[in-house]
Amino acid sequence: MKTRLLFATMVLPALFAACTNDEIVDSQSPSLDGRALLDPNFTITVNGEADTRFSWTDDGYKWNDFTANDKFSAGLLDDVNGNIQEKVLTNYVFSTADGSNYTTTSQMMEGVYMFYSYPGFETNPERKPVAFDLTSQVSTDLSKPTDAVNAEKPQLFITPLYKLEKETANKTLGMTFISYWSTAVIPVMNATSESFKIARIVLKTKAEAKKFLVKGTIDPTVMNAQGLIYKYDKDKGTYVLGKNGDKAAEYDDLRVADIAKEGEENRTEVDQLVVNCGSYELAAGKSVTAYIQVPAGSYEKGMKVEVVAEVSKVGDDGKTVTSLKSLETEAEVNWKSDDKQTANNVIRFRRSKATGVFGKAADGTPNAYEVKQIDLDFADAAEGLYANTYNEVYKYVTEATAGSTVIIYNQGSLKVDDSMMALLSKAGKTVRFLNPIEISSDRASASLMNVQFDGGATIKKGVITFGAGVELATEKVLTVEKGATAILGDAVGGAATRTLDNGPAIAGKIVNEGTLKLGGTVGAAIAEVKNGEDAVVEIVGSQTIGKAIDAGVVAKFDTPKTLKVAKDAILTIGDDIDGESGKFTVGYGQSVEVAAGGTITATAAANFVNNGFIENKGTIDFVTNICLVTENDVKKIAKIDNYGAIGTAVNNNTNEDAIIVMKVRDAKINTTVGGGGLVDNTMDGYIKENTGCVIYAEYDGSQNGTLGTQMACTKVIMKNGTWTAPKLPATVVTDLELDGVTLTNGTTRDEITFGGAVTTVKITNSTSEDALEFATTVVEAHLTGSTFEGNVEFKATANLTGDKLVLDNATFNGDLTLAAGTATLNLIGVTFNGGLSAATALTTININPATVGGKTVEAATNFAGVVTATGLTALKIAEKATINLTTTAASIGVAGTTVITNTGYVENRGAVSGASSSTGTTPPNWGGNTFVGS
């Protein structure tokens with residue numbers, strides 16, 4: 001299958017950008033990452049020979065210099081470690097008042113830069129690679145050549161990389177921009193005695209030879225690897241390209257293909273460049289010149305130029321039929337080289353230059369292609385009938401034999417609209433469009449049938465259902481634009497032999513920027529679906545994604561913004577979905593919605609990965625729920641809201657806690673597997689088996705009696721209310737979290753006990769009205785911002801030590817008792833209005849400051865009673881921490897044993913005892929009663 005490219009005008013502008021919508025960021029106070037700043041007066045002088053725009057002047061076709069209205073950009077490419085990135089990290093826009101000296105209003109920093117120019121310098125927050133694109137298509141009027149080559153058609157201009165350093169970059173920097181596109185000049189001379197019409201002109205590469213790279217992104221890492229980077233040479237006092245300037249010649253011959261990102265998915269290559277000529281009538285003895293932009297480079301001998309003439313003939317039946325006939329001739333080689341290519345065997349297109357593809361005449365002008373044979377019946381037939389209107393297509397189709405295929409070449413303004421779709425559905429014939437065409441409908445819904453797209457198509461508007469006989473050629477693209485919908489079911493695809501390429505009907509790529517509906521009894525067969533940032537895909541029947549293309553299989557499929565699985569629809573996730581990881585991954589910010597009765601089935605949990613959000617009201621066989629790494633303080637939590645049934649859920653706490661929420665009591669999970677991932681089962685859904693996940697119930701508001709009776713519940717969370725007669729089940733529940741809760745046994749005033757299986761307790765901003773006991777099972781406790789009116793006792797005999805016991809801004813109005821096992825006690829702003837009693841295992845008490853917003857702030861710990869800790873060997877008061885003994889009855893420390901280290905402050909109204917080796921026991925770190933040491 002030949003691949004063609006139709007140009008927007010005879011000289012098409014190269015569109016390129018650092019962002020998706022051809023815009024560029026003007027940096028505003030970027031993060032400097034510790035880099036040195038360049039001189040704020042940093043200036044660039046654009047050299048006089050700089051090629052900046054392709055335009056037509058009174059003297060002919062040439063390149064003009066920058067003007068005072070032009071701008072260009074500098075893209076910072078290296079990260080803080082000096083690694084060159086593909087993406088532009090930060091952009092600086094340069095402008096001029098005099099057309100020569102260019103400056104930017106933003107503060108630049110040291111780094112590696114690439115300078116480039118293109119239209120549209122508005123602000124855009126995205127920073128994507130610099131891209132180029134020559135794939136647009138409209139008609140061109142050859143009678144107005146200056147319209148095609150006017151000065152308002154800017155192109156991609158680019159430099160090699162520049163390493164700018166503070167010491168040298170403040171010198172005026174001279175720079176020459178070079179366009180990465182060349183221009184083929186094709187004069188056509190009518191050397192006959194009759195006029196004829198030119199439908200299109202085609203420039204073709206040699207069969208099986210190097211193709212034209214017409215779309216892709218510049219890869220600065222490749223430029224860097226090839227040494228195409230300017231650095232300041234102190235000996236020469238200027239910037240040189242490569243080591244001692246040894247890359248200058250290489251850069252002069254560089255093609256855009258040499259520095260474009262590799263990979264089929266990143267590049268569009270064609271073997272034909274096509275320009276539509278709008279039935280331009282060339283009179284006898286006259287000539288016209290066509291200009292085609294060509295990616296710079298050297299191409300093999302055998303390149304051809306095809307002039308497609310429009311010919312009208314009267315048949316035997318008296319009907320006039322307009323067809324396209326091909327006049328083809330070979331281009332002339334124009335480059336001799338003894339060391340790089342075989343002499344006289346290359347057609348070379350130099351950057352920024354116009355090249356006559358048939359050589360030069362004696363006066364230096366390009367030679368013309370002389371059409372000498374006007375008897376076009378003897379010319380090779382070009383595929384397709386010329387058509388520019390619906391009426392022309394209607395004529396060709398109605399006159400064609402029943403069951404035949406009518407091949408149409410879209411001259412530019414033709415579109416598949418409601419009238420065309422009606423014709424295609426009733427004609428009993430197939431229409432084959434050779435080049436790209438627009439599809440558009442003004443109806444609520446429309447059906448497309450019996451049409452083949454050899455050159456691709458774009459759905460601009462409407463809801464279009466693909467019916468029988470709709471086909472897309474291999475390597476071609478069907479684009480669904482934002483706001484449009486395409487519906488592809490059983491009528492599309494299949495394993496049977498097709499007219500196009502002997503393969504599935506949709507053998508090319510669907511680029512979905514709008515809504516795509518897939519599925520039927522079997523489903524659509526599509527080579528690839530590429531979804532845009534806001535794309536929606538709805539599965540409305542049976543559909544498989546992944547595996548080799550076949551009936552009902554989309555071979556490659558990347559995740560849309562939103563994926564919906566409708567009632568009774570079945571989405572099967574196979575292998576090798578994206579051609580790389582082999583997984584279907586819901587990214588952060590993307591979502592999947594499974595309706596009641598809908599099903600997603602995967603060959604394994606590893607093939608269906610959720611980093612974003614899933615709402616399941618149907619059935620999911622396998623899924624892995626895992627969070628992405630937190631970036632810029634944004635926790636990227638993976639979440640599944642489950643109303644329906646999940647077979648196996650691998651729910652991991654890697655990076656952050658991934659969560660599954662059982663939204664209703666009828667929700668089911670057969671098996672949960674994970675390393676600490678969360679499952680919210682407050683609604684008491686059915687969880688048959690759990691391995692490694694934290695299954696919790698959360699209560700908001702006042703409660704009474706036992707909490708945590710939900711199936712498989714291992715954790716209870718309560719917020720904002722009074723918990724009367726609080727109890728937990730004797731088994732299963734291991735974690736308790738309270739926030740804003742009042743604990744009370746009501747009028748009985750009985751002691752509250754948390755025991756059973758409980759191992760971890762966190763009490764925040766809460767109050768216990770009664771005595772509180774934590775059983776021996778409790779090995780970790782965090783008491784923060786809370787008040788305890790009665791006595792508090794920890795009965796743990798092991799592990800409740802160090803950071804396992806956290807007392808922060810808590811108030812104990814009764815006694816606090818710590819059983820054996822607590823070796824270290826950390827206190828932050830704690831108040832003891834009763835006593836503190838600890839077993840001999842307690843050896844260290846740390847009085848610490850608080851931390852607020854990442855900053856250390858002062859905090860005071862207060863003792864009104866006696867601290868009984870006979871094994872206490874160390875009392876440490878940190879800087880910004882204060883210990884207050886607030887009554888004469890207060891005491892702490894063991895005489896002769898406790899070593900006090902005080903870098904904060906002690907206010908002693910009671911008694912502080914310890915060893916004579918203590919420090920900080922006198923003013924200014926000490927106030928009140930003196931230290932008792934021995």
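This is a predicted model: local features need pLDDT of at least 70, side-chain atom pairs count only at pLDDT 80 or more; totals for chains, interfaces and linings use all residues.
A residue is called buried when its relative accessible area is under 20%, and F433, with a relative accessible area of 0%, is therefore buried.

**Aromatic rings**

- F433 and F453 form a stacked pair, because their ring centres are 6.3 Å apart and their planes stand at 15 degrees, where planes under 30 degrees apart count as stacked.
- F433 belongs to strand 31 (residues 430-433) and F453 to strand 34 (residues 451-453), so this pair ties together parts that are 20 residues apart in sequence.
- F453 is buried, with a relative accessible area of 1%, and F433 is buried as well, at 0%.
- The rings of F774 and F794 are also stacked, since their centres lie 4.6 Å apart and their planes are at 10 degrees.
- This pair links distant parts of the chain, with F774 in strand 67 (residues 772-774) and F794 in strand 70 (residues 792-794), 20 residues apart, and both F774 and F794 are buried.
- One aromatic cluster is formed by F42, F72, Y92, F94, Y102, Y113, F115, Y162, Y230, Y232 and Y239.
- Two lysines place their charged ends over tyrosine rings: that of K210 sits over the ring of Y299, 5.0 Å from its centre, while that of K617 sits over the ring of Y643, 5.2 Å from its centre.

- Strands of a sheet pair through backbone hydrogen bonds, either parallel or antiparallel.

**Strand 80 and its partners**

- Strand 80 (residues 859-863) is largely enclosed by the rest of the structure, because 4 of its 5 residues are buried.
- Strand 75 (residues 831-832) pairs with strand 80 in the parallel sense over 2 bridges, and F832 stands opposite F863 in strand 80.
- Strand 80 is also joined to strand 83 (residues 881-885), with which it runs parallel, by 5 bridges, and the bridge partner of A860 is T882 in strand 83.

- Another open sheet consists of 3 strands in the order 84-87-89, and its pairing is parallel.
- Its edge strands are strand 84 (891-892) and strand 89 (932-933), each of which pairs on one side only.
- Strand 87 (residues 911-914) runs parallel to strand 89 and is joined to it by 2 bridges, with S913 standing opposite V932 in strand 89.

**A buried isoleucine and a surface patch**

- I292 lies in strand 20 (residues 287-295), and I292 is buried, with a relative accessible area of 0%.
- The C-alpha atom of I292 is separated by 9.2 Å from that of I201, although the two residues are 91 residues apart along the chain.
- Y588, L628 and V634 make a nonpolar surface patch of about 230 Å².
- V634 is found in the loop between strand 53 (619-625) and strand 54 (639-642), and V634 counts as partly exposed because its relative accessibility is 37%.

**Backbone features**

- Most residues other than glycine have a negative phi, and most peptide bonds are trans.
- V732 is not a glycine and yet has a positive phi of about 80 degrees; V732 is placed in the loop between strand 62 (715-727) and strand 63 (735-744), and V732 is partly exposed, with a relative accessible area of 44%.
- N765, which is not a glycine either, has a positive phi of about 50 degrees; N765 lies in the loop between strand 65 (760-764) and strand 66 (767-768), and N765 is partly exposed at a relative accessible area of 49%.
- P923 and P924 are joined by a cis peptide bond, with omega about 10 degrees, and P924 lies in the loop between strand 87 and strand 88 (926-928).

Methods
Residues are numbered from 1 along each chain as its sequence is written. Side-chain values use heavy atoms; hydrogens and water are left out. Patches are made of residues with over 30% relative accessible area and no salt bridge: like charges are joined within 9 Å, nonpolar side chains (Val, Leu, Ile, Met, Phe, Trp, Tyr) within 5 Å. Accessible areas come from the Shrake-Rupley method with a 1.4 Å probe; for residues, only the protein chains shown count as cover. A salt bridge is a side-chain nitrogen of Lys or Arg within 4 Å of a carboxyl oxygen of Asp or Glu. Buried means under 20% relative accessible area, exposed over 50%, partly exposed in between (1.4 Å probe, protein chains only). Rings of Phe, Tyr and Trp (its six-membered ring) pair if their centres lie within 6.5 Å; planes under 30 degrees apart count as stacked, over 60 as edge-to-face and the rest as tilted. A charge sits over a ring if NZ of Lys or CZ of Arg is within 6 Å of the ring centre and within 35 degrees of the ring normal. Two strands pair if DSSP finds at least two bridges between them.
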